[in-house]
Amino acid sequence: TECSCNPRITDTTTKGELDSMQLLQLRVSAALALLLCSLAAGQVSQCAPADSPRLRFVAQLSVNGCALFVHDTGASDGPHLAVEPLMCVTDSLRGIVPRFDFITQQLYFSVPVLMRDAGMLAETQRQLQHLSPRSVSFATVTNISVSADTRSSVWALGFLWTPDESVATLRLGFKRIVVKTDSSKASGSRILQESLPLQFFQSVYNQLKRSDDFGSSPQEALEKVKISAFIISNGSCHEVQSRVMLQNDSFIDVSVYKQKFLPVCRQLRFTRYVKLENCSARVHQRLDIKGHFLIEPLLCHNVSSLSSELVRYDYSRDMHYLKLDLVLQDEATRDAVRTQLADLSPRSVDFMRLWTAERSVSSSLSARFEVGPLMASADWRSAQLRLLCGTFTKCRDLRSAVLTDPADLWRHVQWRVTSLVAEQCHSKSSQITSSWRMKASEGAVSCSSLKSCVRLHSASAPRTAAFQILPDGRCFVKFQQRLTGRVSFQRSWTEYETGFGDSTDFWIGLSAIHSLSQGGATLRVEMKLWNGSELHAEYAGFQVGGASTGYRMTYREMLRDRLNVSYVALENSKGMRFSTMDRDNDVHRGISCSNRWGKAGWWFNACLHVNPNGLFPSRETTDGSYIVWNSGSVWLLLREVRLMLQI
């Protein structure tokens, strides 16, 4: 395309006939023409398809308050490392004034964006010394394009830059410009539509110049802008996407990592699901490093921070919003997980770093509120999520509702997390998680309201069974529970057959368990240690035979994706008949296992690896006569235990 860079006055017009406004318009036209020609020259590049090795993401660094993304070009004589353009706003935007484009008749702001800096590159080279790179340089970039969220009032008018310049100019317009006339009242704002007659420009300009809306909250405007570009490497083009970020900005939109390539981690195995106070953690073991365990990013809501959080206002969207703080990693959780991994003798326990998070929002929530992007802190220890409410009243009411019961919000938002492991590979979680642990109500569920409980009624149990609903919606009936020690479990065969206990410590009876488990059911064992750690395990196909079989117990398999214990302790009881202190059905030839180990009733072998009906402890002890669970290497003394069947 031919580019004419010499705009001139036509033959029919003389300079004397031009007023000052027309002359200014011509000067602006000339400047724009020269600029466009320069841009065209800088953007033209031959770009072949990316048939060479993909750029492999190496690291994200923070240098002088700017985020840098580094890739390995995949060159055979490497590693040769390429740094993406900085896309960092280093100048203060407070006091930035609007301008007027006489050609397009638009108001806009010009934002200087730092693209490359020799000092920052030198610091990057220093931070990457451990990789022994052959070279570290800024990537050659072409075909830069800029866009903005269509729902935002921000309008991305252009990105002006040539490759030999260190600073680019981002030009932002506003589809609607909000001018506050009364800073104490949102209702005192004036909305100016994008079409603006020239004769009104001066008065509006003066109002905007006095307004600090853009300078006081530039992040809200800049985070709506997305930049796409192509990195040229080994003769091929590789598309990257980025966002303009403020220097020393403490939060980064994690969606920028979606386009960055990393191999999948192969040396990880899911180990355990650890319950925390208000959410849960998934733990993996590294197969290539003995005793090394990694925790997925938590994404747990720090609801305590909401009590001091106020409703905020996004000028670029003309909407109020609520900011929610999420925890990605913390020392307390690391210590709690390490404790619950004690049976595995961990050498180290660390967090994986958040890479991306796929979000699923229910239609009920999205119909009333808009969920903003997930923004991670620069140290990857926390994140923020915005809920745009529209009006101040809606945000205020939402804040009150979340403070009252966070589950009312978080049951509508679910995550599937992809984590970064040692800056080398990524691991995508196989499970969808929530930012809040959906605890079941402590109140008993009416048995008549659950059709599946017909089997329990037919078993003629002597008491109303207790139920528990898990966060995933599954319903279980408890057939054994030990919480207080008020009820003795040193009972006869008849008592174990018919059941005994109160509302907190009970055994519903072998005949009822036989009825509930006919055809096979999922058994869930929940345990609590003296240090407060909570363990659980599930077994598929659990079944207890009738009286004629001695209430023989069996199961099909242990569900390894639904456990956080390392040893199949129940396997020792598989296929055994039930024994009590007055009826010895175990296979030990010399003693009665029941009488030897606390006079408990259980499916003893010769003798036990688990004893949930043993003596209730008043202090921590490893005596097998008390309620214990064998982890393979050590005996775990239980403070609480319950056995449940899925219905």
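Me: In what order do the four strands of the open sheet with mixed pairing stand?

Reply: This is a predicted model, and in it the order of that open sheet is 17-18-19-23. Its edge strands are strand 17 (268-275) and strand 23 (348-351), and each of them pairs on one side only. From one strand to the next, the twist averages 30 degrees.

Me: How do you know that strand 18 and strand 19 are paired?

Reply: Count the bridges. Two strands pair if there are at least two bridges between them, and three bridges join strand 18 (residues 280-286) to strand 19. These strands run antiparallel. Across from His-284 you'll find Leu-294 in strand 19.

Me: What makes Leu-294 count as buried?

Reply: Buried means under 20% relative accessible area. Leu-294 has 5%, so it counts as buried. It sits in strand 19 (residues 292-295). Leu-294 and Phe-351 are 57 residues apart in sequence, yet their C-alpha atoms are 5.3 Å apart in space.

Me: Why does one side of strand 8 and of strand 14 have no neighbour in the sheet?

Reply: Look at the open sheet of three strands with the order 8-13-14 and antiparallel pairing. Strand 8 (140-148) and strand 14 (236-242) stand at its edges with a single partner strand each, so one side of each is left without a neighbour in the sheet. On average, neighbouring strands here are turned by 20 degrees against each other, ignoring direction.

Me: Which strands form a hairpin with five residues between them?

Reply: Strand 29 and strand 30 do. Four bridges join strand 29 (residues 466-469) to strand 30, and the two run antiparallel. Ala-466 has Lys-478 in strand 30 as its bridge partner. In the turn, Gly-473 has a positive phi of about 90 degrees.

Me: Why is the pair of Tyr-496 and Phe-578 called tilted?

Reply: Two checks are needed here. Ring centres must lie within 6.5 Å to pair, and these are 5.4 Å apart. Then comes the angle: under 30 degrees is stacked and over 60 is edge-to-face, with the rest called tilted. At 50 degrees between the planes, the pair of Tyr-496 and Phe-578 is therefore tilted.

Me: Where in the chain do Tyr-496 and Phe-578 lie?

Reply: The pair links distant parts of the chain, 82 residues apart. Tyr-496 is in helix 11 (residues 493-498), while Phe-578 is in the loop between strand 36 (557-558) and helix 13 (593-596). Both Tyr-496 and Phe-578 are buried.

Me: How many aromatic pairs does a search of the whole structure find?

Reply: There are 15. Tyr-496, Phe-578, Trp-602 and Trp-603 belong to one aromatic cluster, whose members also include Phe-479, Trp-507 and Phe-542.

Me: Which residues have the most contacts inside the largest nonpolar core?

Reply: Among them are Trp-507, Phe-542, Trp-603 and Leu-645, in a core of 52 residues. Elements that each supply at least two residues to this core include strand 30 (475-482), helix 11 and strand 38 (635-646). A second, separate core has 30 residues, including Val-311 and Trp-415.

Me: How do you know that Lys-574 lies over the face of Tyr-555?

Reply: For distance, NZ of a Lys has to be within 6 Å of the ring centre, and Lys-574 comes in at 4.7 Å from that of Tyr-555. Arg-171 also lies over a face, that of Tyr-108, at 3.9 Å from the ring centre.

Me: Why is Asn-613 called buried?

Reply: Its relative accessible area is 0%, and buried means under 20%, so Asn-613 qualifies. Asn-613 is in the loop between helix 13 and strand 37 (628-630). Its side chain reaches the backbone oxygen of Gly-601 at 2.8 Å, and the cut-off for a polar contact is 3.5 Å.

Conventions. Residues are numbered from 1 along each chain as its sequence is written. This is a predicted model: local features need pLDDT of at least 70, side-chain atom pairs count only at pLDDT 80 or more; totals for chains, interfaces and linings use all residues. Side-chain values use heavy atoms; hydrogens and water are left out. Rings of Phe, Tyr and Trp (its six-membered ring) pair if their centres lie within 6.5 Å; planes under 30 degrees apart count as stacked, over 60 as edge-to-face and the rest as tilted. Buried means under 20% relative accessible area, exposed over 50%, partly exposed in between (1.4 Å probe, protein chains only). A charge sits over a ring if NZ of Lys or CZ of Arg is within 6 Å of the ring centre and within 35 degrees of the ring normal. Axes are lines fitted to C-alpha atoms, for helices over the stretch in contact, and angles run from 0 to 180 degrees between N-to-C directions. A nonpolar core is a set of buried Ala, Val, Leu, Ile, Met, Phe, Trp, Tyr and Cys residues joined through side-chain atoms within 4.5 Å. A polar contact is a pair of N or O atoms within 3.5 Å; within protein, one must be able to donate a hydrogen and the other to accept it, and residues adjacent in sequence count only if both atoms are side-chain atoms.
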